[in-house]
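Visitor: I'm new to this one. Can you show me the structure and take my questions as they come?

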Amino acid sequence: MISLIRSEIYKISKQSKTLYALAAILIIEGFVFMSAYYQGAGIIDLLLDNLKDSFEFRGNLLNGNLIIYLILNSLWFHIPLILMIIISGFLTSEYKDKTLETVMLQPVSKLYFILSKYIVSIAFTLLIVLILAVTTFFISYWIFGYGDLVVYLDGLNFFKSDDAFYRLIYAFLSGSITMVFFSVVSLTLAVILKDATKTWIVSAIFLICSNLLLKIDFRNEVINELFFSKLTDSWQYFFYYEIPYSTIYFKNFMLLGYSILVMIIGVLIFKRRDIQG
């Protein structure tokens, strides 16, 4: 098992798609930084326009904490989409290149092989989120400095700089669980579909539908609390004045459960499938 994990890590480190994932993250960050640098003041003015007659705002609200929050919102779509495309390719590329058949001719357990794929995919996901967080914090504070955070979430919420810093860190940690879920789903879809293009399309559709279903009220308390799409927004709860920790813990625990369930489904399908079929 350890040797398989090492082999997967080696293959990932040698694949160009790993660099593409890192490059895509930096490009997304770059666009946010450029937009904030050239148009950020206009966005703040538009956001606070109706409040300027009633309140006096001091300090620079266009600061590193706000930029980090803007990049954090890429966890809704951009980052999971990149991860789903890259991680599904860990398996679909082996189907395409026929290297999977070669591996299975060796004394390798199908169970351990696919488990190593999931383990490395989860580790890769956490690494990507870590790189995103570290580069975002460093560059944002370097260029835009520190300051209070203003967030529009059921109204305008203001947080002191120190408080905002910890909320942003916790949000990245919570968001990483959501990213793991989408990564596990993409690898399971790769097991089922085998073809890269089909897997990318279905993964994108799954992500889009998940985001849309999050906004729908099913008028059923059980579905609203337990359906997987209702669990992917835990990181955003850190930006309410009173953080609902019990809700966050529940959502993350349930989402981890869904991740394990989806992984078990993928493992069972892979074990029963004829690789040459």
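Visitor: How do H3 and H7 run relative to each other, parallel or antiparallel?
Guide: H3 and H7 are roughly parallel, because angles under 35 degrees count that way, over 145 as roughly antiparallel, 65 to 115 as roughly perpendicular and the rest as oblique. Helix H7 covers residues 161–193, and the two pack at about 20° with axes 10 Å apart. Axes are lines fitted to C-alpha atoms, for helices over the stretch in contact, and angles run from 0 to 180 degrees between N-to-C directions. Helices (H or I, at least four residues) and strands (E, at least two) are DSSP runs numbered from the N terminus.

Visitor: Where do these coordinates come from?
Guide: This is a predicted model: local features need pLDDT of at least 70, side-chain atom pairs count only at pLDDT 80 or more, and totals for chains, interfaces and linings use all residues. Residues are numbered from 1 along each chain as its sequence is written, and side-chain values use heavy atoms, leaving out hydrogens and water.

Visitor: How much of H3 is buried?
Guide: Eight of the nine residues in H3 (residues 64–72) are buried. Buried means under 20% relative accessible area, exposed over 50%, partly exposed in between (1.4 Å probe, protein chains only). Among the buried ones are Leu66, Ile67 and Ile71.

Visitor: What caps the N-terminal end of H3?
Guide: Asn63 does, with a side-chain oxygen 3.0 Å from the backbone nitrogen of Asn65.

Visitor: Other helices now. What angle do H4 and H8 make?
Guide: About 150°, with axes 10 Å apart. H4 spans residues 78–97 and H8 spans residues 196–214. They are therefore roughly antiparallel.

Visitor: Which residues meet there?
Guide: From H4, they include Leu81, Met84 and Ile85; from H8, Trp200, Phe206 and Leu207 are among them. Contact means heavy atoms within 4.5 Å. By class, this contact has nine nonpolar, four polar and no charged residues. Ala, Val, Leu, Ile, Met, Phe, Trp, Tyr, Cys and Pro count as nonpolar, Asp, Glu, Lys and Arg as charged, and the others, Gly among them, as polar.

Visitor: Is Asn157 buried or exposed?
Guide: Asn157 counts as buried, because its relative accessibility is 7%. Asn157 sits in strand E2 (residues 156–159).

Visitor: What does its side chain reach?
Guide: The Asn157 side chain reaches the backbone oxygen of Phe239 at 3.1 Å.

Visitor: And Leu256, where is that?
Guide: Leu256 is in helix H10 (residues 245–272). At 39% relative accessibility, Leu256 counts as partly exposed.

Technical notes: Polar contact = N/O pair within 3.5 Å; in protein donor to acceptor, adjacent residues only side chain to side chain.
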